[in-house]
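Biologist: I am new to this structure. Please walk me through it, feature by feature.

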Amino acid sequence: LDRIPAHDAVHGFRRGRNTVTFAAPHAGKALVIRFDLTDFFASVHEGRVYSTIRALGYPLEVSRALTALCTNRVPSGRLLAPDVRDKIDWLERQRYRSRHLPQGAPTSPALANLCAFRLDLRLAGLARSLGATYTRYADDLAFSGGDDLARMAERLEIRVAAIAIEEGFAVNFRKTRVMRRGARQHLAGVVVNSHPNLARTEFDALKAVLTNCVRRGPRSQNRDNYSDYRAHLLGRVAHAAMLNATRGTKLKAIFERIVWDEDSDAGAEPRM
């Protein structure tokens, strides 16, 4: 699947691309608008997966077998269980009842990107017509531009939602964000007001965690019981350094002062 290119606007689940490349094209823009797609993977049903695999040239029976391997359905009994029933609405329940791309499967990201090719093609065309920029990272859609986009901001939401529905997806309106230059503009955790940067609040929070690890030991901070807390923290430090080298250097200096032992490296004891 990695050999078949997704649309150029796609930055999620692609080699050499990440949240920074997703956010960078929107840096320094007067207006940034972010949309969120509801149940991104579950919206890609069995028929779309089969059509995509078949279009790649696989024989009929092979395409059916690959589709069966790459899709899943949730039993109705599980969807109606007390701990699930009240958390999802009727439409979500229907998505999960039908065979769809399961979140967490290694094949789902690439297949979702390929099945969303027409969505990306149309949204990129819409952005061009407004002199705007469009990128997507999984279920996050980002548009940015100047005066033309600002004048169309309200109508853009309607156009994007309509295109999404026609392509088998749905926009979660509650998560739509219209961010103007005077306020903080952020995409996928990356601040883009002037250039891709690490949010000050995120830096302060991570610095506090690392400092407490130095003072009280890493086990005291591993509240989510990560199995490899050292790797988890190192990954967060690396992400910070990717966004802001100066802040990343400060965080790494604190990280290197942490004293690790076998217990703290492996994670905290399981909660009872």
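This is a predicted model: local features need pLDDT of at least 70, side-chain atom pairs count only at pLDDT 80 or more; totals for chains, interfaces and linings use all residues.

Biologist: How do strand 1 and strand 3 pair?

Modeller: Strand 1 (residues 31–36) and strand 3 pair in the antiparallel sense, over six bridges. Two strands count as paired if DSSP finds at least two bridges between them. Strands are DSSP runs of E with at least two residues, helices are runs of H or I with at least four, and both are numbered from the N terminus.

Biologist: Which strand do five bridges join to strand 3?

Modeller: That is strand 2 (residues 133–137), and the two run antiparallel. Y134 has F143 as its bridge partner in strand 3. Strand 2 and strand 3 form a hairpin with two residues between the strands. In that hairpin, A138 takes a positive phi near 55°.

Biologist: Which way do the side chains of a strand point?

Modeller: In a regular strand they alternate between the two faces of the sheet. In strand 3, D140, A142 and S144 point one way. L141, F143 and G145 point the other way.

Biologist: Is strand 3 mostly covered or uncovered?

Modeller: Mostly covered: six of its six residues (140–145) are buried. Buried means under 20% relative accessible area, exposed means over 50%, and partly exposed lies in between (1.4 Å probe, protein chains only).

Biologist: How many residues does the largest nonpolar core have?

Modeller: First the idea: a nonpolar core is a set of buried Ala, Val, Leu, Ile, Met, Phe, Trp, Tyr and Cys residues joined through side-chain atoms within 4.5 Å. Here the largest has 36 residues, and L123, L156 and V160 have the most contacts inside it. Elements giving two or more residues to this core include strand 1, strand 3, helix 8 (117–129) and helix 10 (153–166). Helix 10 gives the largest share, six residues.

Biologist: What is the order of strands in the open sheet of three?

Modeller: The order is 5-6-7, with antiparallel pairing. Strand 5 (186–187) and strand 7 (197–198) are the edge strands, and each pairs on one side only. Two bridges join strand 5 to strand 6 (residues 190–191). H186 stands opposite V191 in strand 6.

Biologist: Where is A188 found?

Modeller: A188 sits in the loop between strand 5 and strand 6. Its phi is positive, about 50°, although A188 is not a glycine. At 28% relative accessibility, A188 counts as partly exposed.

Biologist: What is the phi of F13?

Modeller: Near 60°, a positive value in a residue other than glycine. F13 lies in the segment before helix 1 (19–23). With a relative accessible area of 38%, F13 is partly exposed.

Biologist: How much space lies in the largest pocket?

Modeller: Pockets are found on a 1 Å grid over the protein atoms alone: a pocket is an open set of points where a 1.4 Å probe fits, with protein on both sides within 12 Å along at least five of seven lines, and lining residues have an atom within 4 Å of a point. The volume is the space filled by probe spheres set on the points, which are joined across faces, edges and corners. For the largest pocket that is about 420 Å³. It is lined by 24 residues, and L37, T38, D39, E92 and R95 lie nearest its centre. Helix 6 (residues 90–97) gives the most to this lining, with four residues.

Technical notes. Residues are numbered from 1 along each chain as its sequence is written. Side-chain values use heavy atoms; hydrogens and water are left out.
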